[in-house]
Amino acid sequence: MNSRLLDVKGLTVQFHTPDGPVEVVSSVDFHVNKGETVGLVGESGCGKSVSSMAIMGLIPSPPAKQIGGEIWFQEKNLLAESPDYLRSIRGNSMSMIFQDPMSSLDPAFTVGSQIDEAMQFHQKIAANEAKERSIELLRRVGISNPELRYHEYPHQLSGGMRQRVMIAMALACNPQLIIADEPTTALDVTVQAQILDLLNDLRQTFGSAIIMITHDMGVVAETCDRVMVMYAGQIVEEAPTEVLFDQTAHPYTEGLLRSIPKISGKKVKLYSIPGSVPLQRDMPKGCRFHPRCSYATSLCQEKEPPIQELAPGHRVKCWHSDQVIAKQGGV
Amino acid sequence: MEYVEITKEAEKKGQFAEQMRAFWKVFSIRKTAVFGLAIVCFVILIAILAPLLAPFDPVEDVDYGNRIANPSATHLFGTDEFGRDIFSRVLMGAQVSIAISVSAVTISAAIGIVIGLISGYYGRWVDNVLMRIVDGLMSFPPILFAIALMAALGNNMGNIIVALAVVYAPLFARLVRGTVLSVKNKEYVEAIQVMGGSHIRILFKHILPNCLSPLLIQMTTYFAYAILAEASLSFIGLGVPQPEPSWGNILYDGRQYMLEAPWITVFPGVAIAVTVLGLNLLGDGLRDYLDPRMK
Amino acid sequence: MLSGDLGHSLVSDKEVLTLLWERLPATMALIMYALLISVVIAIPLGIISAVRHNTRWDYGAMLIALIGVSVPNFWAGLLLIMTFSLHLGWFPSTGYVDVTQNLWKHLEHLALPAFALGFLQAGIVTRMTRSSMLEVLKQDYICTIRAKGGTEKVVILKHALKNSMIPIITIIGINFGLLLGGTVVVETIFSIPGIGQLLVQSVFNRDYPVIQGVILCVAVIYVLISLVVDLLYAYFDPKIDYNEG
C-alpha cells in the first residue's frame, strides 16, 4: 500500500447537457505506484483525458459536472479537498504535460518567465534564483543555449522545443506524478522519439511516476511499465506491458495492437476496428464494445461482463477473454 | 450548368419558407434579439403611422397660451416654448429621423456594394485606386466628416442623407470587397469562370448572395449609427432645419429649458435610446445567427 | 498649406494655426479623461462578465454596456447637467478652466463632459473585453497555467488580460473617431472652448479656412493615434517586432 502514489477508486464523471446527464467516465479503478510509468490507452472520446483532468482537479465547469468516487494521492482524497489544497499540489507534487505544445504556452510571455512562474506559485523564491533554476531545467530537457532561449517567446521555438519547455515546466517543482496527455501526438515523427527518450531519461533521474495518456500502442511499448486500456468510459483491460502485448485478453486491445503498422514483414492491409466509439447517449446494453466486436455473442448483448483477474495484475472485462488469448498464436 | 441552375431555382422557392422557419427557430432562442426586433418593428410602425397617431400638428399647432406646459392628458409629453405638443413632435420626429437613416444607410450600402464588387472582383489597378479613395475617406471621424459635408452643402433633409451616405459608403465598400475576395477564389466560382459564365452573372448570382449576411448585420449597426448621427447633426443645428421636428432638433430646442421643462429633453432622448437599443439587440442576434464566429 | 501656413480666420483674422493651438488643450484633456473613464469602467466590467459568463453579473454588465452604446452622448450630457449641476449643484454646468490655472477646477469642469463622452466608448470596450476574454479563456495555455497551480487571479489578471488586449486596443483605436466626433457635440453642450466648438462656430460663420484647419488637425490626430495603437500592439503581442520589418 505504501508504494502506491495514486489510487483511484470508482471514479465517475458526469456532464449535464441539455439532453440530460452524460456519463463520460464510469466507475474507473486504477492505481499508480511510485516511480512507475503507466499507460492509459484508448481512442479519442473514451474518457482518458477527462479522467486525468479529474485527477488534476481541472475539469472545466461550464458544462455542469458531477464527479463521484475517490482519488487518493499522498494520503488525501482529492475529491474531498478544498480548491486551495488542489491548487497547492497542482504543478507542485503533480504536474501535467499537454498534447499540443503549440497552443499550451502563453504566447504573450517568455518561456523563461513561464517556467519561473511554475516555481513561484509554490515556493518563496527570489527572481534570479528562479531564473537560474529555469535555465538549468531548460538545459536538462536538452535545449541548447538555455540562457538565450530563456528570454525567447513561444513563437520563436519549434514544436519539439516547446514540448521540451512544457516538460521543463512540469518538472519545475520535482513532482511525484506527471500526467502526460498525448505528449507526442502533435509532433513530427522524428521529434516524437526524442521526446519519449527524454521522458524515459528524466523518469530515471527525477524518479517521478508518469501517467502516459495515448492512443498509440507504439508509445506504450516504448515507455510504459503497465497499461490500462479504456473504452467508452471504462477500463476494459489492465496488465503489465509485456503481458498485454503477449497475452492480449480483450478484443478491443487486440484491435488496437493490430492497428499498429509494422515495419518488418510483408505489406498487409492495416487493420482498423470497425465502427466508432458509441455516443454516450446511446450506449449499448451489455458489454459496451459488443457492436464492434467479432467475438460478440448474445450474452454480450445482454449482460455487462465483470472484471476478472486472469493473473496477478492482469485484469480484463470480457466474457470471451479465453478465446481472445487462445487466438494469439494464430495471428 | 442549366440543370444546376434549375435545381437551385427550385430549391430556392421550396426552401424559402423552410429557411425562414429554421432562422426563426434559432433566432428566437435569444429572447433579447426577439425583443430588439419587436422594438425596431414598433418604432418603424410608429414612424409610418405618425401623421395618423399625432393628436396635434407638430409644426402648425402653436399655442402661446400654453407654453412649456407640464405633461398632461392633452399633452402627454408636455409642450415646448411655442406651445407645440411634444408627443406629436416626437412621433413626427420618428418619421423624419427614421426616413433619413433608412435612406442614408440604403444608399450607402448600394454605393458600397457597387464599389466593393468592382474592387474585389476585378482587382489590380481598379482595386488599388478605389481602395486608396476609400481609405482616404475613412481617415476622418464619421461625424466630423459629415459636419464638414453639411457645411459645404448647406442644411436640409436631402443633404443629411447625402452626407451620411457618403460617410458610410466606404465602410460598406470595404466589407463587400472583403467578402468578394474570400468568395472569389472558392473552387465553385473558379469552376463557373472556366465554364464561361459571364462576369455579371457570376457577380450577381454567385458572389453577391454571399455578401448578404454580413451586409445585413452591418446595415443594422449603421442604421443605429445613422440615427445617432442625424440626431447629433440636428442637435448642433446642422441637420433638419426648424421647425420640422427630428429627434435631434427637439432636443436642441429643449436645451435652453432644461431646468423648467426637462420633458422636452427627456422624451426625444428616450426615443433615440430605445430605438438604438432595439437595433443593437437585433444586430447582436443577427450576428450570432449569421456569423457564429463573431460570438 | 503644405508649408504649415493654414491661413487666417475670415472672422477673427487670427491665424488658423494659433486658433488650433489655443483650442487643442481643452479637447485633448477632454478626450484623455473620457478615454480613461471608459477604460477604468469597461475593462473590469468586461472581465467580470467574461469570468462570470452567463450569470447575473454577466447580464448586469452587458445591460450597462448596452445602455452605454445606445444612449447618444449629447443626451447623456444633457441628463448629467440636469441631474448633477442643475438639481444637485455638484458640478458646474458649463465652462472650462485650464490645468495650469487651477487643477481642481479643471477636473470639476471636465468631469461631466468626460463622462458623457466616455460612456459610449465604455460600452463598446466592455463588450469587446468580454468577448476577447471569453475567447482567451478557452485557450489551452490558460489550462496550462491552472495546471501549474496558478491562482485564478494570476490566470485572469496576468495571462488572460494581456492576451485579450490586442482586440481591446484595436477597438479603442478604431473608435477613437467616435470620441473625436463626440467632442463636437459635448463641447457645444458644455461650452468648452475646444476644437469641436471651434468647428461648429466656424461652420455657422462660414469660416472656411478654420473648418479646413480643424479637419486637417483631426486627421493628423487620427494618424498619430493609429501610430500609438501600432506601438501598443508590439508590446502586447511579442510576435510583432517592428525592428525586423
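Helices are DSSP runs of H or I at least four residues long and strands are runs of E of at least two, both numbered from the N terminus. The structure is a predicted model, in which local features need pLDDT of at least 70 and side-chain atom pairs count only at pLDDT 80 or more, while totals for chains, interfaces and linings use all residues. Residues are numbered from 1 along each chain as its sequence is written, chains are lettered from A and ligands numbered from 1 in the order in which they are written, and side-chain values use heavy atoms, with hydrogens and water left out.

Of the 295 residues in chain B, 48% are buried, where buried means under 20% relative accessible area, exposed means over 50%, and partly exposed lies in between (1.4 Å probe, protein chains only). Chain B exposes about 13800 Å², with carbon and sulfur atoms supplying 67% of that area; accessible areas come from the Shrake-Rupley method with a 1.4 Å probe, and for residues only the protein chains shown count as cover. If a contact is taken as heavy atoms within 4.5 Å, then among contacts in chain B between residues at least 6 apart in sequence, 70% join residues at least 24 apart.

Within helix α4 (residues 124–138) of chain B, B:Arg132 and B:Asp135 lie three residues apart, about one turn of the helix. Their side chains meet in a salt bridge with an N to O distance of 3.3 Å, a salt bridge being a side-chain nitrogen of Lys or Arg within 4 Å of a carboxyl oxygen of Asp or Glu. B:Asp135 counts as partly exposed because its relative accessibility is 28%.

Side chains of opposite charge can pair when their charged atoms come close. A search of the whole structure finds 23 salt bridges over all chains. In chain A, A:Glu182 pairs in this way with A:Lys48, their closest N and O atoms being 3.3 Å apart. This pair links distant parts of the chain, with A:Glu182 in the loop between β7 (177–181) and α8 (189–206) and A:Lys48 in helix α1 (residues 48–56), 134 residues apart; both A:Glu182 and A:Lys48 are buried. Chain A also holds a network of salt bridges that links A:Glu36, A:Arg226, A:Glu238, A:Glu309 and A:Arg315. In chain C, C:Glu135 forms a salt bridge with C:Lys138 at 3.6 Å between the closest N and O atoms; C:Glu135 is partly exposed, with a relative accessible area of 42%, whereas C:Lys138, at 61% relative accessibility, counts as exposed.

The chains can now be considered together. Of the two pairs of chains in contact, chains B and C share the most contacts, whereas no contact joins chain A and chain B, whose closest C-alpha atoms lie 14 Å apart. Between chain B and chain C, 33 residues of chain B are in contact with 33 residues of chain C. The area buried between them is about 3000 Å², of which carbon and sulfur atoms give 79%; buried area is the accessible area (1.4 Å probe) that two parts lose on being put together, summed over both. On the side of chain B, B:Leu144, B:Ile236 and B:Met258 lose the most area to chain C, together 19% of what that side buries. One salt bridge is counted between chain B and chain C, and C:Arg127 forms a salt bridge with B:Asp284, with the closest N and O atoms 2.9 Å apart.

Chain C also meets chain A, in a contact that takes 19 residues from chain C and 25 residues from chain A. The area buried here is about 2000 Å², of which carbon and sulfur atoms give 64%, and C:Ala147, C:Lys148 and C:Pro238 supply 31% of the area that chain C buries against chain A, more than any other three residues. Two salt bridges are found across this interface, and A:Glu117 forms a salt bridge with C:Lys148, the closest N and O atoms being 3.0 Å apart.
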